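Me: Please take a close look at one residue in the structure below and the contacts around it. Then go on to the helix packing, the pockets and a few other positions, in one connected answer.

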Amino acid sequence: MERIIASEMLSSLHAHDVISKQQHGFLSCRCTEGNLLECLNDWTLALHNRKSVIALYVDFAKAFDRVSHNKLCHKLLSYCIDGNLYSLLENFLADQSQRTRVGNSCSTNIKLSGGVSQSSCLGPLLFILYINDIVQLVDALCVCKLYADDLKLYSVVESPTDPQTMQDALNRLFKWADTWQLGISYKKCSALPIGSHSVYHVFAFGSNTVRF
């Protein structure tokens, strides 16, 4: 039943152009190769035009486990997912629990207040919807590519002030992550200079920095 619901939801979401085209994870005809080829094309054109590129890789810590059920339901309603389907999804998320099994021994059940399962049919789709609006934060400032919860931002460097444009995008991203309760794994974030005239800069996530 999960598979049927996920398939019908995807058909409707694609028909209304809801899911961002920058998302390449858990979707048919989207993959890591497509993500990389789109980036490679943009970067090659920049280098051909004797420009450099700033690329930042952002990692969310345990992203699937930290999805707030209440905030996810709020986003489902914002995408016009309501009525019986909304009630079904709300019940699907409610009263979930987990336990650990080692050999023949099991721990006690622990009730979950958040998170979606990557191993279910609906979990990945619900996560994609949860993170879907992140692209709208930075589209006007830089290019954003997603593979599930893996985020890549990049911008062509044309003037000394361009790194500040990327910093503005990070400021918006930091505020978004705090609002939607997705922690950023700062130690796994990295920056990549592309081109012979790269501008060296230190980017900040709140009080945390990513050196470039």
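Reply: Leu137 sits in helix 6, which spans residues 134-138; the model is a predicted one. Once neighbours within four places in sequence are set aside, the contacts of Leu137 are Arg172, Leu173 and Trp176. Leu170 is a further reference point: Leu137 and Leu170 are separated by 33 residues in sequence, and their C-alpha atoms are 9.4 Å apart. Helix 7 covers residues 162-179.

Next, the helix packing. Helix 5 (residues 122-131) packs with helix 3 (residues 69-78) at an angle of about 80°, and the two axes are 9 Å apart. Helix 3 is therefore roughly perpendicular to helix 5. On the helix 3 side, the residues in contact are Lys71, Leu72, Lys75 and Leu76, and they meet Leu126, Leu129 and Tyr130 of helix 5. By class, this contact comprises five nonpolar and two charged residues, with no polar ones.

Helix 5 also packs with helix 1 (residues 2-15), here at an angle of about 30° and with the axes 9 Å apart. Helix 1 is therefore roughly parallel to helix 5. Helix 1 contributes Glu2, Ile5, Ala6, Met9, Leu10 and Leu13 to the contact, while helix 5 contributes Leu122, Leu125 and Leu129. Eight of these residues are nonpolar and one is charged, with no polar residue in the set.

Now the pockets. The largest pocket holds about 190 Å³ of space. Its lining is made up of Phe64, Asp65, Phe92, Gln96, Ser97, Gln98, Leu112, Gly114, Gly115, Val116 and Ser117. These divide into six polar, four nonpolar and one charged residues.

Gln96, one of the lining residues, is placed in the loop between helix 4 (83-93) and strand 2 (97-98). A polar atom of the Gln96 side chain lies 2.9 Å from the backbone oxygen of Phe92, and Phe92 is also part of the lining. Not counting residues up to four places away in sequence, Gln96 touches His69, Ile110, Lys111, Leu112 and Gly115. Of those partners, Leu112 and Gly115 are themselves in the lining of the largest pocket.

The second largest pocket has a volume of about 150 Å³. Thr32, Asn35, Leu36, Tyr57, Val58, Lys145, Tyr147, Asp150, Leu151 and Lys152 form its lining. Two or more of these residues come from each of helix 2 (32-48), strand 1 (52-59), strand 6 (143-147) and strand 7 (150-157). The class count here is five nonpolar, three charged and two polar.

One more loop position is Gly183, found between helix 7 (162-179) and strand 8 (190-194). With neighbours within four places in sequence left aside, Gly183 is in contact with Asp59, Phe60, Ala61 and Arg66. Asn49 is 134 residues from Gly183 in sequence, and the C-alpha atoms of the pair are 37 Å apart in space.

How values were computed
Residues are numbered from 1 along each chain as its sequence is written. This is a predicted model: local features need pLDDT of at least 70, side-chain atom pairs count only at pLDDT 80 or more; totals for chains, interfaces and linings use all residues. Side-chain values use heavy atoms; hydrogens and water are left out. On a 1 Å grid over the protein atoms alone, a cavity is a set of points where a 1.4 Å probe fits but cannot get out, and a pocket is an open set with protein on both sides within 12 Å along at least five of seven lines; lining residues have an atom within 4 Å of a point. Grid points are joined across faces, edges and corners, and a volume is the space filled by probe spheres set on the points. Ala, Val, Leu, Ile, Met, Phe, Trp, Tyr, Cys and Pro count as nonpolar, Asp, Glu, Lys and Arg as charged, and the others, Gly among them, as polar. Helices (H or I, at least four residues) and strands (E, at least two) are DSSP runs, numbered from the N terminus. Axes are lines fitted to C-alpha atoms, for helices over the stretch in contact, and angles run from 0 to 180 degrees between N-to-C directions. Angles under 35 degrees count as roughly parallel, over 145 as roughly antiparallel, 65 to 115 as roughly perpendicular and the rest as oblique. Contact means heavy atoms within 4.5 Å. A polar contact is a pair of N or O atoms within 3.5 Å; within protein, one must be able to donate a hydrogen and the other to accept it, and residues adjacent in sequence count only if both atoms are side-chain atoms.
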